[in-house]
Amino acid sequence: MTARHKAGLLLQVAHGQRYSGSIGIFYASELRFTETSLFYQADVVPAYTVVHGAVSIELANGKLSLGLRGTNLLDNEHREYIAGDVIERRVLAEVKARF
């Protein structure tokens with residue numbers, strides 16, 4: 001079962017070959033589960049909005065890249081499924097080397 005309404009907007013930018021970034025905002029409407037099973041009871045997952053973003057830079061003639069990626073940047077703690085984990089803010093750093 002999925003939310004009745006979903007919407008998203010993603011903006012990606014790049015400056016030459018060296019710099020890039022993106023930001024996105026996503027919305028999902030309330031999700032109602034009316035069935036009961038062995039694993040979960042009928043319940044409602046409230047509507048939620050999340051913002052994600054990323055930036056990266058290429059160094060050493062493209063042989064090295066550094067990046068920073070964030071999900072749920074507004075820290076809107078929510079569940080996306082009835083028995084799912086609570087989604088919290090997450091920020092990850094990334095280093096890539098090409099040989």
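Ser65 is found in strand β6, which covers residues 64–71. The structure is a predicted model, and the exercises below work through it.

## Exercise 1: Ser65

Task. Decide whether Ser65 is buried or exposed, and list what Ser65 contacts beyond its neighbours within four places in sequence.

Solution. 
Step 1. The relative accessibility of Ser65 is 6%. Buried means under 20%, so Ser65 counts as buried.
Step 2. With neighbours within four places in sequence set aside, Ser65 is in contact with Ile57, Glu58, Glu94, Val95, Lys96 and Arg98.

## Exercise 2: How the strands pair

Task. State in which sense β6 pairs with β5 and with β7, and over how many bridges.

Solution. 
Step 1. The pairing of β5 with β6 is antiparallel and has seven bridges. Within it, Val55 has Leu68 of β6 as its bridge partner.
Step 2. Between β5 and β6 lie four residues, and the two strands form a hairpin. In the turn, Ala60 has a positive phi of about 55°.
Step 3. β6 and β7 are also antiparallel, with eight bridges. Here Arg69 stands opposite Leu92 of β7.

## Exercise 3: The salt bridges

Task. Find how many salt bridges the whole structure has, and explain which parts the pair Arg98 and Glu58 ties together.

Solution. 
Step 1. A search of the whole structure gives two salt bridges.
Step 2. One of them joins the side chains of Arg32 and Glu30, at 3.1 Å from N to O. Glu30 has a relative accessible area of 38% and is partly exposed.
Step 3. Arg98 forms a salt bridge with Glu58, and their closest N and O atoms are 3.4 Å apart. Glu58 belongs to strand β5 (residues 48–59), while Arg98 lies in the segment after β7 (90–97), so this pair ties together parts that are 40 residues apart in sequence.
Step 4. Both ends of this pair are partly exposed: Arg98 has 40% relative accessibility, and Glu58 has a relative accessible area of 24%.
Step 5. Glu58 and Arg98 are also among the contacts of Ser65.

## Exercise 4: Leu68 and Asn72

Task. Say which of the two residues is buried and which is partly exposed.

Solution. 
Step 1. Leu68 lies in strand β6. Its relative accessible area is 44%, so Leu68 is partly exposed.
Step 2. Leu68 belongs to a nonpolar surface patch with Val55, Leu73 and Val91. Together these residues have about 330 Å² of accessible area.
Step 3. Asn72 is found in the loop between β6 and β7. With a relative accessible area of 1%, Asn72 is buried.
Step 4. Apart from neighbours within four places in sequence, Asn72 contacts Val50, Val51, His52, Glu77, His78, Ile87, Glu88 and Arg89.

## Exercise 5: Ser20

Task. Ser20 is found in strand β2 (residues 19–28). Which residues does Ser20 touch, not counting residues up to four places away in sequence?

Solution. 
Step 1. Ser20 touches Val13, Ala14, Ala54, Val55 and Ser56.
Step 2. Take Ala54: Ser20 and Ala54 are 34 residues apart in sequence, and their C-alpha atoms are 8.2 Å apart in space.
Step 3. Take Ser56: its side chain and that of Ser20 are joined by a polar contact of 2.6 Å.
Step 4. Ser20 has a relative accessible area of 34%, so Ser20 is partly exposed.

Note on methods. Residues are numbered from 1 along each chain as its sequence is written. This is a predicted model: local features need pLDDT of at least 70, side-chain atom pairs count only at pLDDT 80 or more; totals for chains, interfaces and linings use all residues. Side-chain values use heavy atoms; hydrogens and water are left out. A salt bridge is a side-chain nitrogen of Lys or Arg within 4 Å of a carboxyl oxygen of Asp or Glu. Buried means under 20% relative accessible area, exposed over 50%, partly exposed in between (1.4 Å probe, protein chains only). Contact means heavy atoms within 4.5 Å. Two strands pair if DSSP finds at least two bridges between them. Patches are made of residues with over 30% relative accessible area and no salt bridge: like charges are joined within 9 Å, nonpolar side chains (Val, Leu, Ile, Met, Phe, Trp, Tyr) within 5 Å. Accessible areas come from the Shrake-Rupley method with a 1.4 Å probe; for residues, only the protein chains shown count as cover. A polar contact is a pair of N or O atoms within 3.5 Å; within protein, one must be able to donate a hydrogen and the other to accept it, and residues adjacent in sequence count only if both atoms are side-chain atoms.
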